[in-house]
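Dear colleague,

I am passing on the structure we spoke about, together with some notes on what was found in it. Please keep it open beside you while you read.

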Amino acid sequence: MSAAEPEARSAGAVPAAPGLVRIWPPLLVLALIGVGSMLLAVAWGSVPIPLSGLFAVLTGDAEPLHRTLVLELRLPRVLAAFGTGGLLAVAGALMQVLLRNPLADPYVLGLSGGAAVGALGAMLVGLGALAISGSAFVGALLSTVLVFGLAHGTGSWTPTRLLLTGVVVAAGWGALITFMLVISPTERLPGMLYWLMGDLSYARSPWPSLTVLLLACVLIAPLGRSLNALARGPLQAATLGVAVRPLEWGIFVAASLLTATAVITAGTIGFIGLVVPHMLRLVFGTDQRLILPASALAGGSLLVLADIGARTLIAPEQLPVGVITALLGVPTFLYLLYRSR
Amino acid sequence: MGIADRGLPGNVVPALCAGAFCLLGMTQVLAGERLCVTDDRDRAVCLEQPAQRIIALSPGVTELLFAAGAGEQIVGAVRYSDYPEAANDIPRVGSHTRLDLETVLAMDPDLVVVWVSGNPPDQVERLEDLGLTVYFSEVRNFEDVAHSVRRFGRLAATGAEAERAADSFLDTIRTLGEQYADADPVRLFYQIWDDPIMTVNDSHLISQVIRLCGGENIFGDLERLAPRLDRESVLAAQPEAIAAGGMGEDDESWLEPWTGFPDLPATAAGNLFFVPPSTIQRPTPRVAEGAGILCEHLETARERR
């Protein structure tokens, strides 16, 4: 991790105003990768569909089976995967700006844990889908308030102190999750475990995750400059006229909402928020105006590709997608890190 | 009186069954040509014609379907569906905890039999949304086993064979019940898993078998269906006999640790018994076989007093 630290610290060293010219080409490439991965994911499943069959689905005169497979099973799941991956990556990127620490990630700081405890608790009590979502968001927000509030405390706060608070709170959530697993009925354990490892077969509708992701990108876009300033440190940001405290709280609440939405859609997937923003910084530099939307696109694509593996690698048995994201992401990340030295 | 486990006098049960059949008969008339049965969630499950392409989403359901004579019609099953022998050759659709919905759909089933407490509810809901005919199965007692076999027989139009299997199952159970109705109670610890040590409470089918054989489940009062225990609480409860399954049909290793406690009444008397897990832990007609084995073990324990 230490190798990545200078990267994050040097966030402010980027030229203050790279023209739009420098932002759009990488985004375009990532968007193309995103569309490509989604097309691949829709075309590829545990039941093979010939290319002619896929075209028939497009033109509307396909076999009923092919239509159902593509439109009702694969398409919603692929869109949900893209939305979830994007949410996690953007949440991670935001937290890393906020804490100026490469270790920051919704998972590490206990946001995912809080959301998971909220959702699992609601499931245990037997509440409906809406209550589970609400409970997850409350859990994530509670985590935010705990971490941010406690780390602020009376004196000054440092990113290190914030990170430490987050890690401890995350450990607390972890213990609560284990406790809930132990007291839950045995026959429900496998389902809950899959959910904890991240599993897109829970994703019924892609719209919540996609809507929140789009909203987040639109709302964050005008903040690019402020975020770039904040990445240099709160003092410099304040000197440059950024309202630091409101911006910090805003980032934390936004990250909670993004994380909670992702957790509700697909359980806790722990890898994307940490690694995707780092990969992008290693390749594209540290301008937040590029990194944030790029995180949405790259995180989405990574989860879509990983989910293809989850559905088909050992089909008809199904894998939790969290396993694949880690297996795909770890070597890629290590390679990029090694090359960047 | 073994049948009276739900608190019904033995002679009421046949009357109830007969009543259910009248009702089913009427449903069939009302629905014209359609075949209708009621599943374990009290929903009507109707087919236009006998089921030809059935998917069974638990190893137990697969066994029940075979017992009902509908084994030939099963086109998809889940992992561990290994009985009878022919079940091993049925194509798989995933494991009972995670189904591959694409494969399920591609098999074009006309009936999907779901295991209520085993299959993930969200995926089951999805199957219904996709327009498949779903039968919810949750077998909790001897009567449920017989009912399920009869209903599957009706849905697959193999009624005669199913009736025979259900009758013969209930006969065996009834005979055992009569045989041990007045037997001296044996305080039994039944171990269904080794690490952690797990047992069952009185709502479980295994406890019904224990009562049938004149045994008493020492942990029957616990709240959870399959409670986890530590060794201490078993030692403190002083069971007169211990029965356990294992990782296979002849793996008796779960009993070995108990031999290290010579003061435990069960160990002192040599009452450490093995019951092949698949004969008693799956709610299928094979429970009659498992019940026979357990009853004999308990009788051995009585003889050693």
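Predicted model: local features only at pLDDT ≥ 70, side-chain atom pairs only at ≥ 80, totals over all residues.

Residues are numbered from 1 along each chain as its sequence is written, and chains are lettered from A and ligands numbered from 1 in the order in which they are written.

In chain B, four strands form an open sheet with parallel pairing, in the order E11-E9-E13-E14. Helices (H or I, at least four residues) and strands (E, at least two) are DSSP runs, numbered from the N terminus, and two strands pair if DSSP finds at least two bridges between them. Strand E11 (215–217) and strand E14 (272–274) of chain B are the edge strands, each pairing on one side only. Strand E9 (residues 186–191) of chain B is joined to E11(B), parallel to it, by three bridges, and Val186(B) has Gly215(B) as its bridge partner in E11(B).

Turning to the contact between the chains, chain B gives 22 residues and chain A gives 20 residues (residues are in contact if their C-beta atoms, placed from the backbone, lie within 7 Å). On the side of chain B that touches chain A, strand E5 (94–95), helix H3 (101–106) and helix H4 (121–129) of chain B are the elements that give two or more residues, and H3(B) gives the most, with five residues.

With best wishes

Note on methods. Contact = placed C-beta atoms within 7 Å.
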